[in-house]
Amino acid sequence: MMTTEEKGQKIISDIKAEKGTSPVRIFKKIAANGYVSMHGPEHHILDGACILVAYHNAGGKIDLEESLERLYREGTRMPGAMCGLWGICGAVTSIGAALAIIDETGPLSDDGTWGEHMSYTADAIREISRINGPRCCKRDAMTAFRYGIEYVNAHYDVHLEYEKQVCEFSDRNPQCIRARCPFYSSENRS
């Protein structure tokens with residue numbers, strides 16, 4: 001069984017080959033690999049990494065190698081089950097970390113990015129809270145991506161793709177909330 005750190009290194013290694021500008025498509029491709037659990041702290045690395053790769057592929061000016069390594073370090077600091085134990089979703093914090101990497105934001109930043117990132121996380125968490133639990137790392141990631149992509153497209157001179165999503169993972173989730181999930185489709189169930 002792989003550790004979170006090993007899964008994170010595999011995610012970082014594999015995601016570098018992705019060429020698209022849709023973080024969700026990148027996510028779905030990487031998340032389909034056997035080393036990504038249905039739920040787990042590897043999402044704290046994967047979700048932000050999808051934003052960084054799509055941003056870079058869309059022409060965003062970052063050192064991708066360095067940015068992914070930083071995200072890996074931040075993501076491995078986030079414990080599993082944050083959603084239930086701390087009241088904050090790891091998908092949202094991972095994308096928040098990616099935004100901080102893009103903007104070089106830190107705790108003392110006074111250029112406006114500190115507050116703008118807080119606004120992103122507040123909007124994404126508010127939507128996740130409306131949907132309610134139990135946890136689903138895939139559902140929360142898709143929600144966080146929607147707000148993250150809107151943020152990137154509004155704040156940077158790049159365009160990330162987003163299209164209406166349908167969950168491809170509900171069969172793997174014994175706690176799937178089905179019709180309460182905005183991404184669920186009974187037509188996609190096998």
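Biologist: Which helix gives the largest share of the lining of the second largest pocket?

Modeller: In this predicted model, helix H7 gives the largest share of that lining, with three residues. The second largest pocket has a volume of about 220 Å³. Of its 14 lining residues, those closest to the centre are Cys83, Ile128, Ser129, Gly133 and Asp140. The elements giving two or more residues to this lining are H5, H7 and helix H8 (137-155). By class, the lining comprises six nonpolar, five polar and three charged residues.

Biologist: What makes up the lining of the largest pocket, and which element gives the largest share?

Modeller: The largest pocket has a volume of about 420 Å³. Its lining has 15 residues, of which Gly96, Ala97, Ala100, Thr105 and His117 are the closest to the centre. Helix H4 (64-77), helix H6 (90-103) and helix H7 (113-131) are the elements that give two or more residues. H6 gives the largest share, five residues. The lining divides into seven nonpolar, six polar and two charged residues.

Biologist: What makes the space lined by Met38 and Tyr184 a cavity rather than a pocket?

Modeller: A cavity is a set of points where a 1.4 Å probe fits but cannot get out, whereas a pocket is an open set. The search of the whole structure finds one cavity of 30 Å³ or more, and the volume of the largest cavity is about 70 Å³. Its lining consists of Met38, Cys136, Arg139, Cys167, Ser170, Asn173, Cys176, Ile177, Cys181 and Tyr184. Seven of these residues are nonpolar, two are polar and one is charged.

Biologist: How do you know that the span of helix H3 is close to the expected one?

Modeller: The expected span is 1.5 Å times one less than the number of residues. Helix H3 (residues 43-57) has 15 residues, for which 21 Å is expected, and from its first C-alpha to its last it reaches 21 Å. After H3 comes glycine 59, with a positive phi near 105°.

Biologist: Why is H3 called largely enclosed by the rest of the structure?

Modeller: A residue is buried if its relative accessible area is under 20%. In H3, 13 of the 15 residues are buried, and therefore the helix is described as largely enclosed.

Biologist: Why is methionine 82 called buried?

Modeller: The relative accessible area of methionine 82 is 5%. The cut-off for buried is under 20%, so methionine 82 counts as buried. Methionine 82 is found in helix H5 (residues 82-86). Not counting residues up to four places away in sequence, methionine 82 touches His44, Gly87, Ile88, Gly90 and Thr93.

Biologist: Why does alanine 81 count as partly exposed, and why does glutamate 104 count as exposed?

Modeller: Exposed requires over 50% relative accessible area, buried requires under 20%, and partly exposed lies in between. Alanine 81 has 43% and is therefore partly exposed, whereas glutamate 104 has 68% and is therefore exposed. Alanine 81 is in the loop between H4 and H5, and glutamate 104 is in the loop between H6 and H7. Neither is a glycine, although phi is positive in each: near 65° for alanine 81 and about 55° for glutamate 104.

Biologist: Where is the cis peptide bond that involves proline 134?

Modeller: The cis bond joins glycine 133 and proline 134, with omega about 5°. Proline 134 belongs to the loop between H7 and H8.

Biologist: How many aromatic pairs does the search of the whole structure find, and why is the pair of phenylalanine 27 and phenylalanine 169 called edge-to-face?

Modeller: The search finds five pairs. The ring centres of phenylalanine 27 and phenylalanine 169 are 6.4 Å apart and their planes stand at 70°. Rings pair if their centres lie within 6.5 Å, and planes over 60 degrees apart count as edge-to-face; the pair is therefore edge-to-face. Phenylalanine 27 is in helix H2 (residues 23-31) and phenylalanine 169 is in the segment after H8, 142 residues apart. Both phenylalanine 27 and phenylalanine 169 are buried.

Biologist: Why is the pair of tyrosine 55 and tyrosine 156 also assigned a geometry of edge-to-face?

Modeller: The centres of these rings are 5.3 Å apart and the planes are at 75°, so the pair is edge-to-face. Because tyrosine 55 lies in helix H3 and tyrosine 156 in the segment after H8, the pair ties together parts 101 residues apart in sequence. Both tyrosine 55 and tyrosine 156 are buried. Ring pairs also link Tyr55, Tyr120, Tyr151 and Tyr156 into a cluster.

Key: Residues are numbered from 1 along each chain as its sequence is written. This is a predicted model: local features need pLDDT of at least 70, side-chain atom pairs count only at pLDDT 80 or more; totals for chains, interfaces and linings use all residues. Side-chain values use heavy atoms; hydrogens and water are left out. On a 1 Å grid over the protein atoms alone, a cavity is a set of points where a 1.4 Å probe fits but cannot get out, and a pocket is an open set with protein on both sides within 12 Å along at least five of seven lines; lining residues have an atom within 4 Å of a point. Grid points are joined across faces, edges and corners, and a volume is the space filled by probe spheres set on the points. Ala, Val, Leu, Ile, Met, Phe, Trp, Tyr, Cys and Pro count as nonpolar, Asp, Glu, Lys and Arg as charged, and the others, Gly among them, as polar. Helices (H or I, at least four residues) and strands (E, at least two) are DSSP runs, numbered from the N terminus. Buried means under 20% relative accessible area, exposed over 50%, partly exposed in between (1.4 Å probe, protein chains only). Contact means heavy atoms within 4.5 Å. Rings of Phe, Tyr and Trp (its six-membered ring) pair if their centres lie within 6.5 Å; planes under 30 degrees apart count as stacked, over 60 as edge-to-face and the rest as tilted.
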